[in-house]
Amino acid sequence: MEVNQIECSHKAALVTPDERQAPDGCLQYFYHSNGQVQSFNFGHNYFGNTQYAICFNRNYNPNAILELEGIDFNMDGNLGGGTPPGFDNDCLDSSGAAANNKKDYIAIPFAAVTDPAGPVVYHSLFCLQSLDSKILEFSGTGPMVIHVNTDQITDATANEEGFRFRYQVRRR
């Protein structure tokens, strides 16, 4: 195990920037150009009532693209009325009924989702199994961030396993 101590004060970051220092608000931070990411407790029920950000270093490239592939994805969502595709409004239950108040999703604004069996589509919220075995690209401006939101409901029968994927930050 390698342990590094990184100066965390904002003043120190202005004088001696360190690419390993996570931006404010990032619970998970990946500064290498490729690797693997997974939700906390992946493969078992993920933790309920969490809101956090996963951030990726652009390496000072404003035109960087974040590509996700090899995606294993199972985030619960609004399951009322059959099985919706698991994008955007499918991930929010506006009824507020406790039993169906599912709000488990990841947010990546205007991400391009490629399905080997279909066209490229653009979405911002992802739940259920919407990203399983697909490729996702994000090339927006600003920080490269994936927001994770889970509600307070943790149901062992709901297959709330979370996600795992390989990522690559590359030039456009």
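This report looks at an aromatic pair and at one threonine in the predicted model above. Residues are numbered from 1 along each chain as its sequence is written. Local features need pLDDT of at least 70, side-chain atom pairs count only at pLDDT 80 or more, totals for chains, interfaces and linings use all residues, and side-chain values use heavy atoms, with hydrogens and water left out.

Let's start with the rings. The structure holds 8 aromatic pairs (rings of Phe, Tyr and Trp, the latter by its six-membered ring, with centres within 6.5 Å; planes under 30 degrees apart are stacked, over 60 edge-to-face, the rest tilted). Phenylalanine 30 and phenylalanine 56 are stacked, because their ring centres lie 5.7 Å apart and their planes meet at 20 degrees. Phenylalanine 30 sits in strand S1 (residues 26-30) and phenylalanine 56 in strand S3 (residues 50-56), so the pair ties together parts 26 residues apart in sequence. Strands here are DSSP runs of E, at least two residues, numbered from the N terminus.

Now to threonine 150, which belongs to strand S8 (residues 144-150). Threonine 150 counts as buried, at 3% relative accessibility. Its side chain reaches two partners:

| Partner of the threonine 150 side chain | Distance |
|---|---|
| threonine 50, side chain (polar contact) | 2.7 Å |

Beyond neighbours within four places in sequence, threonine 150 is in contact (heavy atoms within 4.5 Å) with residues including Tyr46, Phe47, Met75 and Lys103.

A polar contact is a pair of N or O atoms within 3.5 Å; within protein, one must be able to donate a hydrogen and the other to accept it, and residues adjacent in sequence count only if both atoms are side-chain atoms.

Terms used
Helices (H or I, at least four residues) and strands (E, at least two) are DSSP runs, numbered from the N terminus. Buried means under 20% relative accessible area, exposed over 50%, partly exposed in between (1.4 Å probe, protein chains only).
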